[in-house]
Amino acid sequence: MNTLNIDIKNKAFTTADKHSVTVIEDLQFKLSNNEFVCIIGPSGCGKTSLLNIIAGLDKNFSGSVSLSEAGVQFKTSYIFQNPRLLPWRTVLENIQLASNEPANNDTKIIQLLQRLGLEDSLNSYPHHLSLGMQRRVALARGFYRESDILLMDEPLVSLDPPTARKARTLLIELWQQQARNVLFVTHDLDEAIELADRLIFISSSPSHVLADIKVDIARSERSAKNIEQFKRQLSSQRADIAHLI
Amino acid sequence: MMNTTPRLPFLQPLLSLSLLIIIWQVLASTLNTVVLPSPLLVLDALIAALSSGELQHHLGITLYRLAISFFIAMLLGTAIGVALGRHQKTNAFFDSWLVILLNIPALVTIILCYIWFGLIETAAIFAVVVNKLPNVIVTIREGARNLDEELLEMAEAYQFGPLKTLSQVILPQLYPYIMASARTGLALIWKIVLVVELLGRSDGMGYQIHLFFQLFDITSIMAYTVSFIIIIQLIEMMVLQPLDKKSQRWK
């Protein structure tokens, strides 16, 4: 199993009045063994910048993102905050286009869509689907593509609580079936504890890693009560990240 | 979309056209002059030109010139328009060239092309392209500026590569702009082609109309014009409109 090393020395923005603002400074961590990792940090701490750098959208930084095996190009999938589907392509075509394999496996796509309750929308255009459905299509697209790492930028934000709960269950099911490294950005700690194997807390900008903590609750026992207890424990043990809890 | 299409979609334009022909007929018979022949006389001339095969010959040549210069202008214009729309620095540098090109009268480019390259086919086509090109560039540049950055990012994150990004992400968004410049382009180009033919070719509609002008044959001028308008309308209805409809399927 390949390990993905993330080591960002410096990422700065130039503001409109020519000031240079550092958003990320010495941020390092590793991803391996198909872990589900949640990134938690205050808003404006450069979480989206971090994902954009890993996805290769932002090359203007110093540092590196690479696989431990030298010379191998890693593949990413990115599930954005908004669905970002191509409006002129059907659900099926949108998912097919995201694949990097020469031939598409439509059976796999249909199975994915069935799990997400979208089997009837195979040939619909995104325009005709509700936002919740479009988000599920984006989820299917991210999981269909074979990748070394799946990036998610608060994909469940602004869903109502019951829908979000259902989406989380679905997300974990999909991930357990199609194992891979996941980097999930959120500002909701309860959500993070429910989903993650590991929590990475990052500071406000210029951001770096404050704490890297394993969630040692079995997945079947992540009830609201246990999550609450985990949080209490965490804040009593780690005064340095108490402000994020 | 609202359903405002009447049950007989052809009825209204048909009525409107009939009215136009009636006004023409009334004017022609009241004025009773050689400079305004009646619709029937024009129809006669049209049939005569068709049966001699002359009309088809010249119309064919003009349409051929129109098609070639249209495709060159659209292709080049789209490529340059995208480049200028996506790269601010390039655009800032070449913007003044575009302003100059937009402001040179068609007649001047045509004459210059004939002087520089001689009275040859290439000069004729080149002159038409140079006249149309800046309009295409300006329209497509606007479209390229309005491209959805989020979708472009998605394409990059999913490693679409340049070809797939162009065909799946960029061109579908430029489509309305391409269609708009194709429509105005068609109307503009055929007028320029006629002038180009009038000034330096020995065949085509423009040449024929020039000939009729010297012979003072107004009926034939009108017959040729009518036939040309019909062809352009047919292209609009049979090619451009269906293309437009097909591209709007997903909306």
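The legends below accompany close-up views of a predicted model.

**View 1. The largest pocket and the chain B residues at its centre.** The largest pocket has a volume of about 1,000 Å³ and is lined by 26 residues, among which P13(B), L17(B), I229(B), I230(B) and Q233(B) lie nearest its centre. Helices α1 (11–31), α2 (39–52) and α10 (218–247) of chain B each supply at least two residues of this lining, and the largest share, 11 residues, comes from α10(B). By residue class, the lining of the largest pocket divides into 20 nonpolar, five polar and one charged.

**View 2. An aromatic pair in chain A.** A search of the whole structure finds nine aromatic pairs over all chains; one of them joins F36(A) and W175(A) edge-to-face, at 5.4 Å centre to centre and with 85 degrees between the planes. This pair links distant parts of the chain, since F36(A) belongs to strand β3 (residues 36–40) and W175(A) to helix α5 (residues 161–177), 139 residues apart. F36(A) is buried, with a relative accessible area of 0%, and W175(A) is also buried, at 8%. Together with F184(A), F36(A) and W175(A) form one aromatic cluster.

**View 3. An aromatic pair in chain B.** The ring centres of F117(B) and F126(B) lie 5.5 Å apart with their planes at 80 degrees, and because planes over 60 degrees apart count as edge-to-face, the pair is assigned to that class. F117(B) is partly exposed, at 42% relative accessibility, and F126(B) is likewise partly exposed, with a relative accessible area of 42%.

**View 4. Charged side chains over aromatic rings.** In chain A, R84(A) lies over the face of F80(A), at 3.9 Å from the ring centre. In chain B, the charged end of K164(B) sits over the ring of F160(B), 4.6 Å from its centre.

How values were computed:
Residues are numbered from 1 along each chain as its sequence is written. Chains are lettered from A and ligands numbered from 1 in the order in which they are written. This is a predicted model: local features need pLDDT of at least 70, side-chain atom pairs count only at pLDDT 80 or more; totals for chains, interfaces and linings use all residues. Side-chain values use heavy atoms; hydrogens and water are left out. On a 1 Å grid over the protein atoms alone, a cavity is a set of points where a 1.4 Å probe fits but cannot get out, and a pocket is an open set with protein on both sides within 12 Å along at least five of seven lines; lining residues have an atom within 4 Å of a point. Grid points are joined across faces, edges and corners, and a volume is the space filled by probe spheres set on the points. Helices (H or I, at least four residues) and strands (E, at least two) are DSSP runs, numbered from the N terminus. Ala, Val, Leu, Ile, Met, Phe, Trp, Tyr, Cys and Pro count as nonpolar, Asp, Glu, Lys and Arg as charged, and the others, Gly among them, as polar. Rings of Phe, Tyr and Trp (its six-membered ring) pair if their centres lie within 6.5 Å; planes under 30 degrees apart count as stacked, over 60 as edge-to-face and the rest as tilted. Buried means under 20% relative accessible area, exposed over 50%, partly exposed in between (1.4 Å probe, protein chains only). A charge sits over a ring if NZ of Lys or CZ of Arg is within 6 Å of the ring centre and within 35 degrees of the ring normal.
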